[in-house]
Amino acid sequence: MVTELNESNFDSFVESNSFVLIDCWAPWCGPCRRMGPVIEELASDLAGKVAVAKLNTDENQGIAIRFQINAIPTLLVFKDKVLVDTLVGLRPKEDIISALGIQ
Amino acid sequence: MDIDILVIGSGPAGVQAAIHASRKKAAVAVAGKPSSSAMYGTGIENYFGTGPRRGEDILSEGIRQAEAAGAVFLGSNVISASGTGPFVFGMDDGSEIRALSVIIATGISRRKLGIPGEKEFFGKGVSYCAVCDCNFYKGKRAVVVGNDSEAAVSAALMTSYAAETHWVTWNTEASDHLVRRARDAGAVMHGSKPVAIEGAGKTESIVLEDGTRIITDGVFIELGARSSADIAMDLGVMPQTDDSIKVDGNCFTGVAGVFACGDVTGKPWQVAKAVGQGCTAGMSAADYVRGLK
């Protein structure tokens with residue numbers, strides 16, 4: 001399951017899960033829409049290991065500014081509440097899994 | 001202009017598709033510039049029955065054959081696509097084309113400039129999608145880089161967001177119509193090639209061959225015409241993450257009336273495979289159109 005994040009639940013989601021992947025996207029962004037199905041698959045493949053969410057940067061510009069996002073799609077990776085990686089651009093599922101360091 | 005089939009791309013796949021569809025009596029128009037094909041400017045030596053030859057020579061002969069069969073070569077690029085049949089295409093010369101079927105034969109496009117700083121600052125001010133990222137540059141400075149229609153459209157778009165928009169175009173191929181649109185929107189044009197993107201931790205400037213340095217927050221690299229992936233999505237086809245378009249044995253994409261052939265469908269990126277698929281796609285589209293009438 002991919003959780004929809006916004007200004008009100010973003011921090012609590014990051015704080016209550018030890019391993020978090022957030023897909024930052026916007027509706028008019030073609031590469032973001034192609035990333036969508038990949039994120040859905042990751043959420044089911046990594047269920048129990050990684051909490052997967054998505055954030056609409058158009059509706060939540062404050063969070064986009066906070067994490068200095070200026071290109072989408074961008075994936076934010078948090079471990080124990082700390083931002084450990086920022087992956088910019090559309091990429092296949094295997095690349096994301098390897099960037100997450102999951103065997 | 002109302003036609004049966006619009007072929008997008010005038011490389012070997014598109015030209016072969018146009019030959020076969022036209023010979024099946026469909027009214028065919030072909031978008032794109034032959035000089036943009038990967039075949040143009042290279043030598044061919046692994047194509048059946050053909051000795052070492054210049055790609056552009058084979059391509060021009062193919063275009064003559066397609067024209068003789070009735071296909072019309074537009075020489076213009078698609079900048080927008082919509083509809084579910086008839087499909088409506090906006091062209092870079094300002095015209096509109098309505099077609100019952102479409103064959104995507106756009107090949108694979110080069111998206112990277114290959115200059116210092118480009119890779120380093122990707123996501124830190126460097127973007128390959130103005131449409132995606134324009135919203136992050138409200139009130140900031142932006143530079144759009146590229147010579148063809150996608151750069152012109154992006155430059156015009158950025159003027160609605162950025163406080164200052166520059167368009168670096170050193171060998172402009174975009175139509176006069178689009179150049180005028182970008183300039184009228186307020187984009188400042190620069191006619192020199194970019195050589196480096198510089199900054200400390202994030203993009204701060206772009207340097208041109210003539211020594212000009214443009215101070216900027218963002219560099220939007222928009223080479224070529226509208227990408228096959230964007231056109232496919234406009235038409236309801238979802239490309240793979242590597243931008244390729246999946247087709248079945250009839251070169252059918254899964255969306256009624258939409259076919260694809262050549263390098264855009266994935267490897268091998270070979271002329272022999274491109275023309276084989278072009279033949280299939282041309283016949284499939286012609287059969288589809290005949291079925292509608």
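This report describes selected features of chains A and B in a predicted model.

## Domains of chain B

Chain B is split into two domains: domain 1 covers 2-110 + 226-292, and domain 2 covers 126-221. Their C-alpha centres are 29 Å apart. Across the boundary, 8 residues of domain 1 of chain B contact 9 residues of domain 2 of chain B.

The size of an interface is often given as the accessible area lost when the parts come together. Between domain 1 and domain 2 of chain B, about 670 Å² is buried, and carbon and sulfur atoms give 43% of this area. On the domain 1 side, the residues that lose the most area to domain 2 of chain B are Ile79(B), Asp92(B) and Arg226(B), which together make up 56% of what that side buries.

## A parallel sheet in chain B

Chain B contains an open sheet of 5 strands with parallel pairing, in the order 9-16-10-11-12. Strand 9 (126-127) and strand 12 (188-190) of chain B are its edge strands, each pairing on one side only.

Within this sheet, strand 10 (residues 141-145) and strand 11 (residues 164-168) of chain B run parallel and are joined by 5 bridges. Val143(B) has His166(B), in strand 11 of chain B, as a bridge partner. Helix 4 (residues 149-158) of chain B lies across strand 10, strand 11 and strand 16 (218-221) of chain B. The helix runs at about 170° to strand 10 of chain B.

## Asn147(B), between strand 10 and helix 4

The loop between strand 10 and helix 4 of chain B holds Asn147(B). Is this residue buried or exposed? Asn147(B) has a relative accessible area of 12%, so it counts as buried.

Apart from neighbours within four places in sequence, Asn147(B) contacts Thr169(B), Trp170(B), Asn171(B), Thr172(B), Glu173(B) and Ala174(B). With Thr169(B), the contact includes a polar one of 3.1 Å between the two side chains. Lys33(B) is 114 residues from Asn147(B) in sequence, and the C-alpha atoms of the two are 13 Å apart in space.

## Asn60(A), between strand 3 and helix 3

In chain A, Asn60(A) sits in the loop between strand 3 (51-56) and helix 3 (61-66). Its relative accessibility is 4%, so Asn60(A) is buried.

What does the side chain of Asn60(A) reach at 2.9 Å? It is the backbone oxygen of Asn56(A). The side chain of Asn60(A) also reaches the backbone nitrogen of Glu7(A), at 3.2 Å. Not counting residues up to four places away in sequence, Asn60(A) touches Leu5(A), Asn6(A), Glu7(A) and Leu55(A).

Terms used. Residues numbered from 1 in each chain as written. Chains lettered and ligands numbered in written order. Predicted model: local features only at pLDDT ≥ 70, side-chain atom pairs only at ≥ 80, totals over all residues. Heavy atoms only, no water. Pairing = 2+ DSSP bridges. Helix = DSSP H or I, 4+ residues; strand = E, 2+ residues; numbered from the N terminus. Contact = heavy atoms within 4.5 Å. Axes fitted to C-alpha atoms, helices over the stretch in contact; angles between N-to-C directions. Buried < 20%, exposed > 50% of the residue type's maximum accessible area, 1.4 Å probe, protein only. Polar contact = N/O pair within 3.5 Å; in protein donor to acceptor, adjacent residues only side chain to side chain. Domains from an automatic or database assignment. Buried area = accessible area lost by both parts, 1.4 Å probe.
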